[in-house]
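Here is a friendly walk through one protein model. Take a look at the sequence and the structure before reading on.

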Amino acid sequence: MTLSFWNRSRRAVTAGLGLALLSAAAARAEPVTLAAAVDAAWRKTQAGAAAQAQQALADAERQTAASLLAGSPALSLSERSDRWQDNTGVREREIALALPLWLPGQRSARLQAAEAESASAAQAVAAARLTLAGQLRELAWSLSSLKAEAEGASAQQRYLQTLAADVDRRVKAGDLARTDALAVDGERLNAQAEAISAQQRLQAEQQRWTALTDLAPDVVADEPDAGRAAGQEALVDSFDEVRHPQLAQLALAEEAARRQVEVARRDISEAPELSLGYRHERDARGQASRGSVTVGLRVPFGTDGRNAPLRAAAQGALDKARAEQARARAALAADWRIARDALSVAERQTAMHRERAALLRQRAALLDKSFRAGETALPDLLLAVQAAAQADAALARQLAAQGNARARLLQASGVMP
């Protein structure tokens, strides 16, 4: 058995497998893109439920602030009578409507705060989608790496099965010793175990993907269009804080907190109430009844016991929002620098793995010639072929690692798939 025979067998197997894959691809849909996977996972997991609830609350507060009244009106009914005392026929009935009024500048302050909160909630949806996209990017490239590992293990297993059969024939013909057949069988069994293990790891990751997206684990992990749209040079050169959805959301959250401080400053007391009423009264039995209209104004006083805690809470929320924004800016900038450096390292490692794989394939080819000339033992050829196969598998994994590093840079830059 020679390396050239192994190459011919592998090409034949690969060609047959390629035809089968083409036939299967014709019968199924196109591979899933990351953008489509994000949409599917968003619908399935309701990852933005909290952001959507925040948006609904902001919309409700905006509707409240747009109202002409500062609160809900109140209806009051009262009756006065001396039936249980002198019983002279004294009677008085009154109906009144109380209307809460806005304090000067309070309505506009609350409306601006509600609009700022609505903008923050809308941006929180984009930030939540970016977080979900990061999970799917990691999972997609993990699938890509495990697929490469499983394919390499399967190719090694097929080669060793073919080699074992050929060595067995040559042992029977007396060209090789029985120890050579035993060595090949041992390597074949080891490759079979590795292939099973790699397939199990791949299936487990595929199940995680399907559980998250309800889609088949046939995903295109690469993002060439997203990369071109973002501009690779810009991604590598600098970190754009304005474009990042999470930092944009935190900036809007800080603005909403600042507006709440203004609301607390304007909200100096409970809402004053304007009351409009009608009174119907009679002084004694047999006397004529008379009616009158009443107009009243209730003005509560604001004290530090009420206002100081509200203002302190609003200022505390603003300070917290500013601190969170500063921490997030530093953390995300650090993540971007780490991702940029990791991509640079991954590119250099890929070049090294590619050169190493080429050298080991060349070495295996030279030992194949020596084996055919009877100058090299079979175990040496097996070791050389195994090293070449491992180098090819390492190169495939490194290519996936480089793609993952690039995806992490896109994620750290705030670019959606």
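A nonpolar surface patch of about 810 Å² is formed by Leu75, Leu77, Ile95, Leu97, Leu276, Tyr278, Val293 and Val295. To belong to a patch, a residue needs over 30% relative accessible area and no salt bridge; like charges are joined within 9 Å, and nonpolar side chains (Val, Leu, Ile, Met, Phe, Trp, Tyr) within 5 Å. The areas themselves come from the Shrake-Rupley method with a 1.4 Å probe, and for residues only the protein chains shown count as cover.

Which strands supply the patch? Strand S2 (74-81), strand S3 (91-100), strand S5 (273-282) and strand S6 (290-298) each give at least two residues. Strands and helices here are DSSP runs, numbered from the N terminus: helices are H or I with at least four residues, strands are E with at least two. Val293, for example, sits in strand S6. Is Val293 buried or exposed? With a relative accessible area of 66%, Val293 is exposed. The cut-offs are these: buried means under 20% relative accessible area, exposed means over 50%, and partly exposed lies in between (1.4 Å probe, protein chains only).

Before going further, a word on where the values come from. This is a predicted model, in which local features need pLDDT of at least 70 and side-chain atom pairs count only at pLDDT 80 or more, while totals for chains, interfaces and linings use all residues. Residues are numbered from 1 along each chain as its sequence is written, and side-chain values use heavy atoms, with hydrogens and water left out.

**Charged partners**

Now for the salt bridges. A salt bridge is a side-chain nitrogen of Lys or Arg within 4 Å of a carboxyl oxygen of Asp or Glu. How many salt bridges does this rule give? The count comes to 24 salt bridges. Here are some of them:

| Pair | N to O distance |
|---|---|
| Arg129 and Asp39 | 2.5 Å |
| Arg208 and Glu205 | 2.5 Å |
| Glu255 and Arg259 | 2.9 Å |

The pair Arg129 and Asp39 joins distant parts of the chain: Arg129 belongs to helix H4 (residues 106-173) and Asp39 to helix H2 (residues 34-45), 90 residues apart. Arg129 counts as partly exposed because its relative accessibility is 22%. Asp39 is also partly exposed, at 32%.

Arg208 and Glu205 both lie in helix H5 (residues 178-213), where they are 3 residues apart, about one turn of the helix. Glu205 has 11% relative accessibility, so it counts as buried.

Glu255 and Arg259 are in helix H8 (residues 245-266); they are 4 residues apart, which means that about one helical turn separates them. Glu255 is partly exposed at 26% relative accessibility, and Arg259 is partly exposed at 24%.

Salt bridges can also join up into networks. One such network links Arg80, Glu92, Glu94 and Arg279.

**How the helices pack**

Let us turn to pairs of helices. Their axes are lines fitted to C-alpha atoms over the stretch in contact, and angles run from 0 to 180 degrees between N-to-C directions. Angles under 35 degrees count as roughly parallel, over 145 as roughly antiparallel, 65 to 115 as roughly perpendicular, and the rest as oblique. As for handedness, a crossing is left-handed if the near helix is turned anticlockwise from the far one by less than a right angle, and right-handed if clockwise.

H4 and H5 pack at an angle of about 160°, and their axes are 7 Å apart. H4 is therefore roughly antiparallel to H5. Their crossing is left-handed.

H4 also has a partner in H8: the two axes come within 8 Å and cross at roughly 160°. H4 and H8 are therefore roughly antiparallel as well, and H4 passes H8 in a left-handed crossing.

What is the angle between H5 and helix H10 (residues 378-412)? H5 and H10 pack at about 20°, with axes 10 Å apart, so they are roughly parallel to each other. H5 passes H10 in a right-handed crossing.

Phi of Asp214 is near 60°, a positive value in a residue other than glycine. Asp214 counts as exposed, at 54% relative accessibility.

Finally, find Ala339 in helix H9 (residues 304-372). Ala339 counts as buried because its relative accessibility is 7%. Ala339 and Asn404 are 65 residues apart in sequence, yet their C-alpha atoms are 9.9 Å apart in space.
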